[in-house]
Amino acid sequence: MAKRLAGRFYRGMAWRMLRLRRMLEAIYARESYTALKKTLDASVLRHQAIASNLANLETPHYKRIDINPDFENRLQKAVASGDVNQIARVNSSIQVDHKAVPDALNGNTVKLEDELLSLQRNTMTHSFALQVLGRSLNKIKSAITGRVGH
């Protein structure tokens, strides 16, 4: 009898875990989650670019880098379409910033003030995206556990 109860318990648990997995997959396939992930990925890449720019601040003829300039517009259009697949196809990459003007002395296109401002803006974007993700995950946690506000 104990074996039968244990078997029933584990089958029930497996079924609940499968339902939970499907529910989470459905949540993570949503437009908002996909767009949020793309935003976080881009902010990490931009942070790497800014770090590289700051490290090469005085390197002669160094060209400033950033994420592809059309990323934000492409992501906004994809989100507006509501198509998860279109959002998933929008990618960020690090590229040379062709709009940056070189310094007359050494040809370097990095400007300290601009990088620090970009760093602050990027940190705020990253923090905001993480807050939104955290709230979303807390809602899921509350739905699963039945507890609110912890």
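Which pattern does the chain follow when read along the sequence? The pattern is α-α-β-α-α-β-α, made up of 5 helices and 2 strands, where helices (H or I, at least four residues) and strands (E, at least two) are DSSP runs numbered from the N terminus. This is a predicted model, in which local features need pLDDT of at least 70 and side-chain atom pairs count only at pLDDT 80 or more, whereas totals for chains, interfaces and linings use all residues. Residues are numbered from 1 along each chain as its sequence is written, and side-chain values use heavy atoms, with hydrogens and water left out.

Colour the chain by burial: of its 150 residues, 24% count as buried, meaning under 20% relative accessible area, with exposed meaning over 50% and partly exposed in between (1.4 Å probe, protein chains only).

Next select helix H3 (residues 71-81), whose buried residues are Phe 71, Leu 75 and Ala 78. Seen down the axis of H3, these residues fall within an arc of 65°, so they line one face of the helix; the arc is that of the directions from the helix axis to the C-beta atoms. They pack against H2, strand E1 (65-67) and helix H4 (84-88), with contact meaning heavy atoms within 4.5 Å. Turn to the face directed away from this buried side, and you find the exposed residues Gln 76, Lys 77 and Ala 80. After H3 comes Gly 82, with a positive phi near 75°.

Finally, select Asn 53 in helix H2 (residues 31-55), which is buried at a relative accessible area of 0%.
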